[in-house]
Amino acid sequence: YLQFSVNDYGRLFVNGSLIGDDIIYVSHGVVTLPVWLNQGRNSILVKTANLSNNWYFALKIANVNGALSIL
């Protein structure tokens with residue numbers, strides 16, 4: 001699982017595949033998304049759009065309960 005937060009809009013791709021909804025809008029929250037990783041190297045691409053003011057995104061590895069994992 002990945003925890004994804006973004007201000008204002010975002011898309012998340014893992015190994016070339018779109019994860020979650022087509023466009024994720026998370027102004028002040030976190031979305032926990034299931035992902036399937038390949039053994040070895042994986043690619044992650046985050047596309048974001050900012051409407052105004054501050055901009056940020058965060059991407060964290062989590063477990064099925066949404067708790068953050070420590071690697």
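The notes below go from the overall chain to single residues.

**Entry 1: confidence**

I reminded myself at the start that this is a predicted model. I looked up the mean pLDDT of the chain and found 83, with 82% of the residues scoring at least 70. Where is confidence lowest, and where highest? Strand β3 has the lowest mean, at 77, and β5 the highest, at 90.

**Entry 2: the chain as a whole**

I counted secondary structure next and got six strands and zero helices. Along the sequence, the pattern therefore reads β-β-β-β-β-β. How much of the chain is buried? Buried residues account for 27% of the 71 residues. The exposed surface comes to about 5,000 Å², and carbon and sulfur atoms supply 52% of that area. I also checked contacts between residues at least 6 apart in sequence: 60% of them join residues at least 24 apart.

**Entry 3: the open sheet**

I looked for sheets and noted an open one of three strands, in the order β4-β1-β6, with antiparallel pairing. Which strands stand at the edges? They are β4 (31-33) and β6 (56-61); each has a single partner strand, so one side of each lacks a neighbour in the sheet. From one strand to the next, the twist averages 20 degrees. For my own reference, strands of a sheet pair through backbone hydrogen bonds, in either a parallel or an antiparallel way.

I then went through the pairings one at a time. Strand β1 (residues 2-7) pairs with β4 in the antiparallel sense over three bridges. In that pairing, Phe-4 stands opposite Val-31 of β4, and Leu-2 stands opposite Leu-33 of β4. On the other pairing, β1 and β6 are antiparallel over six bridges. There I noted Gln-3 opposite Lys-60 of β6.

**Entry 4: how covered is β1?**

I wanted to know how many residues of β1 are buried. The answer is six of its six, so I wrote the strand down as mostly covered. In a regular strand the side chains alternate between the two faces of the sheet, which made me check each face of β1 separately. Leu-2, Phe-4 and Val-6 are on one side, Gln-3, Ser-5 and Asn-7 are on the other, and all are buried.

**Entry 5: Leu-59**

I picked Leu-59, which lies in strand β6. Its relative accessible area is 28%. Buried would need under 20%, so Leu-59 counts as partly exposed. Which residues does Leu-59 touch, leaving aside those up to four places away in sequence? The list is Leu-2, Gln-3, Phe-4, Leu-12, Ile-44 and Val-46.

**Entry 6: the aromatic pair**

I searched the whole structure for aromatic pairs and found one. Trp-55 and Phe-57 form it, at 6.0 Å centre to centre and with 65 degrees between the planes. Planes over 60 degrees apart count as edge-to-face, so I logged the pair that way.

**Entry 7: positive phi**

Asn-15 has one, of about 50 degrees. Asn-15 sits in the loop between β2 (9-14) and β3 (17-25), and is partly exposed with a relative accessible area of 28%. Asn-53 has a positive phi as well, near 60 degrees. Where does Asn-53 lie? Its place is the loop between β5 (44-49) and β6. Is Asn-53 buried or exposed? At 73% relative accessibility Asn-53 is over the 50% cut-off, so it counts as exposed.

Terms used:
Residues are numbered from 1 along each chain as its sequence is written. This is a predicted model: local features need pLDDT of at least 70, side-chain atom pairs count only at pLDDT 80 or more; totals for chains, interfaces and linings use all residues. Side-chain values use heavy atoms; hydrogens and water are left out. Rings of Phe, Tyr and Trp (its six-membered ring) pair if their centres lie within 6.5 Å; planes under 30 degrees apart count as stacked, over 60 as edge-to-face and the rest as tilted. Two strands pair if DSSP finds at least two bridges between them. Helices (H or I, at least four residues) and strands (E, at least two) are DSSP runs, numbered from the N terminus. Axes are lines fitted to C-alpha atoms, for helices over the stretch in contact, and angles run from 0 to 180 degrees between N-to-C directions. Buried means under 20% relative accessible area, exposed over 50%, partly exposed in between (1.4 Å probe, protein chains only). Contact means heavy atoms within 4.5 Å. Accessible areas come from the Shrake-Rupley method with a 1.4 Å probe; for residues, only the protein chains shown count as cover. pLDDT is the predictor's confidence in each residue, from 0 to 100.
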